Each structure stands twice: as C-alpha cells, then as structure tokens.
Amino acid sequence: MELDETDRAILRILQEDARTPFSEVARRIDMSSATVHDRVSRLEEAGVIRGYHADIDPKAVGYGVGAFVGLRVEQGREEDALERLRGIDGVREIHLTTGEWDVILRVVAADTDRLRELMFERIAETEGFSRSQTMVILGTDYERPGPPL
C-alpha cells in the first residue's frame with residue numbers, strides 16, 4: 001500500500017496516542033472526521049495498523065526483571081522450537097536474526113529467581129536449541145514505539 005503524507009500524519013498522531021478521537025485527528029490535519037475514519041479503516045484493512053494496545057509497565061504488574069536471550073537453533077528444528085517458545089508466558093518477543101544468535105528473545109520475570117526458573121526450566125528445556133546466552137536488562141534509557149513516520 002502506498003502511503004501519502006496525510007496517511008503518515010494520521011499514523012504519527014495515532015502512534016503517539018491511539019486513543020486520539022478521529023475528530024481531533026481531523027482538526028490537527030485539517031480534514032473531515034469522516035475522511036479520517038475512512039483512511040484509518042483503509043489502513044487497518046491493509047494491515048498497516050495492526051492493532052491498538054495499552055503500553056503497560058511490566059514492573060507495575062509484578063515483572064521487575066527483563067532480559068534478552070540469544071539462542072542458537074539446531075538445523076532443521078526451527079519451526080518446532082519457535083512454536084514451543086511462543087507458548088512460554090515470560091517470552092514477550094521472538095526475533096529471528098543473523099550473526100552469533102539465530103534467535104533473540106525478550107523475556108520478563110518477577111525477579112531473578114523467576115528469571116532463573118524461566119531460563120533453566122522452560123527455555124533451556126525446549127528442544128531444538130544448542131546454546132544460549134542471557135543478558136539481563138539493567139535499565140532502558142530510550143524506547144520509541146513503532147517505526148519512524
């Protein structure tokens with residue numbers, strides 16, 4: 001789908017705050033609410049807008065530790081291994097990568113004891129991986145949602 005500058009302006013506003021009413025979006029880009037609604041519907045149908053989500057602080061709901069986990073996948077076991085990872089609650093993101101690690105996970109846990117359990121009892125027990133490395137997140141200095149528009 002080809003995006004014009006109006007589509008990008010709408011996306012920038014919704015990326016900043018997905019709860020912005022269409023009437024406010026329309027006012028900010030000098031269009032009618034109906035036109036904004038039509039454009040947003042078109043962006044949703046095309047898969048450009050994949051959903052609307054609350055940005056929840058993991059610490060506020062009991063997940064005080066985060067980590068990145070690099071995994072080396074055994075040849076020919078990728079799909080089964082990835083499917084099993086998707087079923088583990090603490091796994092929040094799965095990224096297929098190049099370089100030293102075939103897969104990078106972002107995981108969360110309540111504390112370091114729960115992180116250890118997640119790593120040794122859930123992830124390490126998942127068949128299809130030959131090696132792993134865990135990098136505990138000490139803090140996040142900067143985070144920006146979505147792609148640059």
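Visitor: Which residues form a nonpolar patch on the surface?
Guide: This is a predicted model. The patch has about 300 Å² of accessible area in total. One member, V61, lies in the loop between α3 (33–45) and β1 (65–73). The patch residues are I56, V61 and Y63.

Visitor: Which element supplies the largest share of the largest nonpolar core?
Guide: That core has 19 residues, and L71, L85, L105, V107, L115 and I123 touch the most other members. β1, α4 (78–86), β3 (103–109) and α5 (112–123) each give at least two residues. The largest share is 5 residues, and the element is β1.

Visitor: What distance separates the centres of domain 1 and domain 2?
Guide: Domain 1 covers 5–46, and domain 2 covers 64–137. The centres are taken over C-alpha atoms. Their separation is 37 Å.

Visitor: Are R72 and D102 in distant or neighbouring parts of the chain?
Guide: Their side chains form a salt bridge, 3.9 Å from N to O. R72 is in strand β1, and D102 is in the loop between β2 (91–96) and β3. They are 30 residues apart, so the parts linked are distant.

Visitor: What separates D113 and R116 in helix α5?
Guide: The two form a salt bridge, with the closest N and O atoms 3.4 Å apart. D113 is partly exposed at 37% relative accessibility, and R116 is partly exposed at 43%. They sit 3 residues apart in the helix, so the separation is about one helical turn.

Methods
Residues are numbered from 1 along each chain as its sequence is written. This is a predicted model: local features need pLDDT of at least 70, side-chain atom pairs count only at pLDDT 80 or more; totals for chains, interfaces and linings use all residues. Side-chain values use heavy atoms; hydrogens and water are left out. Patches are made of residues with over 30% relative accessible area and no salt bridge: like charges are joined within 9 Å, nonpolar side chains (Val, Leu, Ile, Met, Phe, Trp, Tyr) within 5 Å. Accessible areas come from the Shrake-Rupley method with a 1.4 Å probe; for residues, only the protein chains shown count as cover. A salt bridge is a side-chain nitrogen of Lys or Arg within 4 Å of a carboxyl oxygen of Asp or Glu. Helices (H or I, at least four residues) and strands (E, at least two) are DSSP runs, numbered from the N terminus. A nonpolar core is a set of buried Ala, Val, Leu, Ile, Met, Phe, Trp, Tyr and Cys residues joined through side-chain atoms within 4.5 Å. Buried means under 20% relative accessible area, exposed over 50%, partly exposed in between (1.4 Å probe, protein chains only). Domain bounds come from an automatic or database domain assignment.
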